Amino acid sequence: MAAVSEVPENLLASTTRRDWVGALVEVTEYNCNGEVLHQLPHSDKTRLSVIVEEVSKYRCEPRENRLLKCPHESRPRDMTFMPAGLEVWGYSADVLYAKDVHITLDLKPFAEQLQIKPDADLASVPKLRFTDDRIWHLVRLLAEVIEDPDPSVQLYGDSLITAIASRLLSSASISNKKSVGLSNMQLKDAMGFLDAHMPNRVELSTLARLAGMSPSHYCRAFKAATGFAPYQWQLNKRIERAKCMLLETNFSLDRIAEATGFADSVHFGRTFRKLTQASPGAWRLDRQS
């Protein structure tokens, strides 16, 4: 099941949408009572549909023909890949609740932007109820941050979409490719750009263009050079700047949160504690005493 503008009367849907590196990601929560059959959206584009949570006696199933049962047996963490032009319906005999992640790509411009060459066979053949644990986990991570306003989530989501697309559309998994780090000049350019734009949102494709690489290659190269994914490096630098402000100023936590790109002091405090194992206030007090 996936995000739709029109749904059956016995199906209530709430959808959150976000764009990452040219892909539309829609996370939809469904509450239902009884049998459901409805057409999945965006049939003119390439799509991936992943149900990450489901409460029902019989699992939801994808159908190429609305009247015919899916020919493939249900498997844990199965997904549906739909090439552009393919109409697919979602069906369940008794679903009560489902949470679906629907990723939509306009394949040609998307592939050009990421500088990937989709495998023609993989990109044109529908896959109903296929499994790939790596893709499933990457999609779930996307769903967890779709409403996160933190600037570093842009780089994080871009990286996840890039990894999903590379694995889904290319015959060779990105994990099988040798990682080559950035040159000293490329690394210097990246650090300078991220510093200059901190704490604002930066897209992965922007960093990749600076280095003359595709986004998927850039992610691996950046991590090989620094030990961090781009979003992790940006987040750590924001926390370092916050630490300086905690020690060098008397600014309130709200003011420091705003200066370092966090939504509010609660968001700042939660992230700071996660990375330092201490709250900002306790960290400041401990070092000033």
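F222 is buried, at a relative accessible area of 0%; buried here means under 20% relative accessible area, exposed over 50%, and partly exposed in between, with a 1.4 Å probe and protein chains only. What you see is a predicted model, where local features need pLDDT of at least 70, side-chain atom pairs count only at pLDDT 80 or more, and totals for chains, interfaces and linings use all residues. Residues are numbered from 1 along each chain as its sequence is written, and side-chain values use heavy atoms, with hydrogens and water left out.

Back to F222. Its partner is W233, and the two form an edge-to-face aromatic pair, 6.5 Å centre to centre with 80 degrees between the planes. The rule is that rings of Phe, Tyr and Trp (its six-membered ring) pair if their centres lie within 6.5 Å; planes under 30 degrees apart are stacked, over 60 edge-to-face, and the rest tilted. F222 lies in helix α7 (residues 215-226) and W233 in helix α8 (residues 230-248), so the pair ties together parts that are eleven residues apart in sequence. Helices (H or I, at least four residues) and strands (E, at least two) are DSSP runs, numbered from the N terminus. W233 is buried too, with a relative accessible area of 11%.

Together with F262 and W283, F268 and F272 form one aromatic cluster.

Now the chain as a whole. It has eleven helices and nine strands, and buried residues make up 49% of its 289 residues. Its C-alpha atoms fill a box of roughly 70 × 40 × 25 Å along the principal axes.

The largest nonpolar core has 37 residues, and L48, I103, I161 and L169 have the most contacts inside it. Such a core is a set of buried Ala, Val, Leu, Ile, Met, Phe, Trp, Tyr and Cys residues joined through side-chain atoms within 4.5 Å. Helix α4 gives the most to this core, with nine residues.

Which residues does I103 touch, leaving aside neighbours within four places in sequence? Among them are L24, L48, L142 and I161, where contact means heavy atoms within 4.5 Å. Apart from this core lies another, of 16 residues, including L155, L194, A211 and Y218.
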